Amino acid sequence: MRHKRRYLYLAAIAVLGIGAYFLFGNVETFSKENKVLGPEGVVEEFTSAMKKGEFDKAVEFCNADSMNVYMEAYKQMWNKLSKKDGETFAETAKILAGTQLDFTGMQELDGVCTVDYTLELNGVQKNHQATLRMEEGEWKLMEITDRN
């Protein structure tokens, strides 16, 4: 009886240890790689990538068909400005990095979500609305419109 209780305790400790490892041992990797972003998270990550000129990363958050024209226009402008005066562009890119993003509203209906947000830089605000759609379990940007 005494040996059974001992094995039972050892088995319980082993199960708890394995469970703790899976729950807490690899939290950072799990949360970064497997976390599905909500609509606001997608807008935030997309905006962050665009501010840095990381277009390949930004495209990951977009519906390729509907956002293609928007992305190409932005890339062309970015490349044109960066080639025109590299030093001035570098300063401008630093300033853009300081752009603040504030969410002002969100509505979801039938797998389509609209997110209202404001971008602010040095006291100048621009209001935007992003339209997202659920595709294969992830929110994807369909359109961004200017609301000013």
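## Salt bridges and their surroundings

At 34% relative accessibility, R133 counts as partly exposed, a class that lies between buried (under 20% relative accessible area) and exposed (over 50%), computed with a 1.4 Å probe on protein chains only. This is a predicted model, in which local features need pLDDT of at least 70 and side-chain atom pairs count only at pLDDT 80 or more, whereas totals for chains, interfaces and linings use all residues. Residues are numbered from 1 along each chain as its sequence is written, and side-chain values use heavy atoms, with hydrogens and water left out.

The side chain of R133 meets that of E135 in a salt bridge, at 2.8 Å from N to O, and E135 is itself partly exposed, with a relative accessible area of 21%. A salt bridge here is a side-chain nitrogen of Lys or Arg within 4 Å of a carboxyl oxygen of Asp or Glu.

| Salt bridge | N to O distance |
|---|---|
| E45 and K57 | 3.8 Å |
| E72 and K75 | 3.4 Å |
| E135 and R133 | 2.8 Å |

The side chains of E45 and K57 form one of these salt bridges. E45 lies in helix α3 (residues 39-52) and K57 in helix α4 (residues 55-59), so this pair ties together parts that are 12 residues apart in sequence. Helices are DSSP runs of H or I with at least four residues, strands are runs of E with at least two, and both are numbered from the N terminus. E45 is partly exposed at 30% relative accessibility, and K57 is also partly exposed, at 33%. By contrast, E72 and K75 both lie in helix α5 (residues 64-84), 3 residues apart, which is about one turn of the helix; their relative accessible areas are 35% for E72 and 23% for K75.

## Strands and turns

Strand β2 (residues 112-121) and strand β3 (residues 124-135) run antiparallel and are joined by 10 bridges, where two strands pair if DSSP finds at least two bridges between them. One of the bridge partners across this pair is Q125 in β3, which faces E120. The hairpin of β2 and β3 has 2 residues between the strands, and N122 takes a positive phi near 50° there. On to the next pair: β3 runs antiparallel to strand β4 (residues 138-146), with 8 bridges between them, and T145 in β4 is the bridge partner of Q129. The hairpin of β3 and β4 likewise has 2 residues between the strands, and E136 in its turn has a positive phi of about 50°.

## A buried helix residue and the cysteines

F46 has its place in helix α3 and counts as buried at 3% relative accessibility. Leaving aside neighbours within four places in sequence, F46 is in contact (heavy atoms within 4.5 Å) with residues including F61, C62, M71, L141 and I144. C62 is buried at 10%, and C113 is buried at 0%. The count of disulfides, defined as pairs of cysteine sulfur atoms within 2.5 Å, comes to 0.

## Confidence

The protein averages a pLDDT (the predictor's confidence in each residue, from 0 to 100) of 78, and 77% of the residues score at least 70. Over residues 6-33 the pLDDT is below 50, and this stretch has 4 contacts in the model beyond near neighbours in sequence.
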